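This report describes selected local features of a single structure.

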Amino acid sequence: MSLFKRIFSSEKKETLDKGLEKTKTSFFSKLSKAVAGKSKVDNDVLDNLEEVLVSSDVGVDTTLKIVDRIEERVSRDKYLGTEELNKILREEIAGLLSETNQGEDVDFVTPQGKKPYVLMVVGVNGVGKTTTIGKLAYQFKKQGKKVVLGAADTFRAAAIDQLQVWADRVDVPIVKQQMGSDPASVAFDTLKSAVTQDADVVIIDTAGRLHNKVNLMNELSKVKRVMQKVVDDAPHDVLLVLDGSTGQNAFEQAKQFTKATEVNSLAVTKLDGTAKGGVVIGISDQFQIPVKYIGVGEGIEDLQVFNKYEFVDSFFK
Ligand SMILES: Nc1nc2c(ncn2[C@@H]2O[C@H](COP(=O)(O)OP(=O)(O)OP(=O)(O)O)[C@@H](O)[C@H]2O)c(=O)[nH]1
Ligand SMILES: [Mg+2]
């Protein structure tokens with residue numbers, strides 16, 4: 001525990017604890033039902049545990065891995081009391097996640113030597129892309145970085161206005177055109193402007209889209225191609241935003257989207273309003289693409305760098 005205390009700010013931890021409250025309450029009430037009247041972890045308890053994990057949106061594959069690990073301990077220890085189950089679960093989930101080479105960052109960072117660092121944000125409708133962009137701009141600006149936003153969601157006038165509101169709130173410049181204009185052209189202008197201003201970070205908002213809408217997916221490729229006329233290795237990161245409150249749907253979106261585009265990082269939002277926060281455990285176990293950020297509220301400070309140790313610590317606190 002002292003390790004966690006040393007690394008993580010208590011403020012961040014409190015926000016995370018609060019953000020995960022619904023998930024925890026639901027999980028532990030199910031868990032206590034799963035072991036009711038049992039003093040020992042036996043096959044019945046393991047079956048129930050499997051159900052608890054699956055119904056907490058951890059996902060079937062990751063659930064099976066966790067239950068296997070616990071089964072192994074049961075066969076080793078002969079007698080495992082149910083009062084220890086909590087602690088053991090915590091250890092096994094932490095152990096499982098520690099095998100994945102991700103979720104280790106503790107602070108918002110941009111890659112070295114990329115100026116401007118270009119981040120493109122994608123995902124389906126309403127998952128929290130624009131909000132996440134506003135929160136990220138705030139964090140980077142706080143570090144003294146010069147941030148420029150690009151309103152390449154030209155689908156609705158409200159989308160441009162919404163990004164403008166965030167730009168005003170964070171006090172960073174925004175590049176925009178009229179509704180209906182070509183997103184690639186907005187992205188191009190944004191990068192040009194960023195280079196001229198000697199900006200450090202560019203974040204490009206895009207319209208919500210489904211992975212199976214071919215023309216919209218092609219639009220993303222075009223946006224990328226056109227950006228490369230200004231910054232030849234842009235975008236440096238493509239962040240897929242997933243709405244954690246949709247549980248298994250978020251999982252499915254991650255699967256489909258990562259097949260269709262070159263997404264290289266994930267953000268899972270709205271963990272505060274849901275009991276489905278277990279999905280983060282499943283997603284970080286199942287995907288090669290790292291969960292970089294988690295959204296734990298609507299406020300400007302409510303985006304965190306995902307750290308698996310901290311997450312498990314908050315979950316089992
Ligand atoms: N509670 C909570 N709400 C969030 C979080 N992130 C985003 N939201 C809310 O989710 C709603 C949709 O967010 P947007 O940022 O507009 O989502 P979007 O993906 O840009 O949506 P489109 O542009 O329409 O595709 C807004 O009401 C946000 O305030 C979060 O972490 N927690
Ligand atoms: Mg948006």
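In this predicted model, Arg 225 is exposed, because its relative accessible area of 53% lies over the 50% cut-off. The residue belongs to helix α10, which spans residues 214-227. Between Arg 225 and Asp 77 there are 148 residues of sequence separation, and their C-alpha atoms are 58 Å apart in space.

Val 118 is placed in strand β1, residues 117-122.

**Ligand site**

Ligand 1 sits in the largest pocket. Around ligand 1 are 19 residues, of which Lys 129, Thr 130, Thr 131, Asp 272 and Glu 298 come nearest. By class, the shell consists of ten polar, seven charged and two nonpolar residues. Helix α7 (residues 129-142) supplies the largest share of this shell, namely four residues.

| Residue | Protein atom | Distance to an oxygen atom of ligand 1 |
|---|---|---|
| Gly 126 | polar backbone atom | 3.0 Å |
| Gly 295 | backbone N or O atom | 3.4 Å |
| Glu 298 | side-chain N or O atom | 2.6 Å |

On its own, ligand 1 has 650 Å² of accessible area, and the protein covers 81% of that area.

**Backbone geometry**

Two cis peptide bonds can be described. One joins Lys 115 and Pro 116, with omega at about 0°; Pro 116 is located in the loop between α6 (85-98) and β1. Another joins Ala 234 and Pro 235, with omega at about -5°. Pro 235 is part of the loop between α10 and β5 (237-243).

Positive phi values also occur in residues other than glycine. Asp 57 has phi near 65° and is found in the loop between α4 (43-55) and α5 (60-77). With a relative accessible area of 7%, Asp 57 is buried, because this value is under the 20% cut-off. Lys 78, which is not a glycine, has a positive phi of about 65°. Its place is the loop between α5 and α6. Lys 78 has a relative accessibility of 68% and therefore counts as exposed.

Conventions. Residues are numbered from 1 along each chain as its sequence is written. Chains are lettered from A and ligands numbered from 1 in the order in which they are written. This is a predicted model: local features need pLDDT of at least 70, side-chain atom pairs count only at pLDDT 80 or more; totals for chains, interfaces and linings use all residues. Side-chain values use heavy atoms; hydrogens and water are left out. Helices (H or I, at least four residues) and strands (E, at least two) are DSSP runs, numbered from the N terminus. Buried means under 20% relative accessible area, exposed over 50%, partly exposed in between (1.4 Å probe, protein chains only). A residue is near a molecule or strand if one of its heavy atoms lies within 4 Å of it. A polar contact is a pair of N or O atoms within 3.5 Å; within protein, one must be able to donate a hydrogen and the other to accept it, and residues adjacent in sequence count only if both atoms are side-chain atoms. Accessible areas come from the Shrake-Rupley method with a 1.4 Å probe; for residues, only the protein chains shown count as cover. On a 1 Å grid over the protein atoms alone, a cavity is a set of points where a 1.4 Å probe fits but cannot get out, and a pocket is an open set with protein on both sides within 12 Å along at least five of seven lines; lining residues have an atom within 4 Å of a point. A molecule sits in a cavity or pocket if more than half of its atoms lie within 2 Å of its grid points. Ala, Val, Leu, Ile, Met, Phe, Trp, Tyr, Cys and Pro count as nonpolar, Asp, Glu, Lys and Arg as charged, and the others, Gly among them, as polar.
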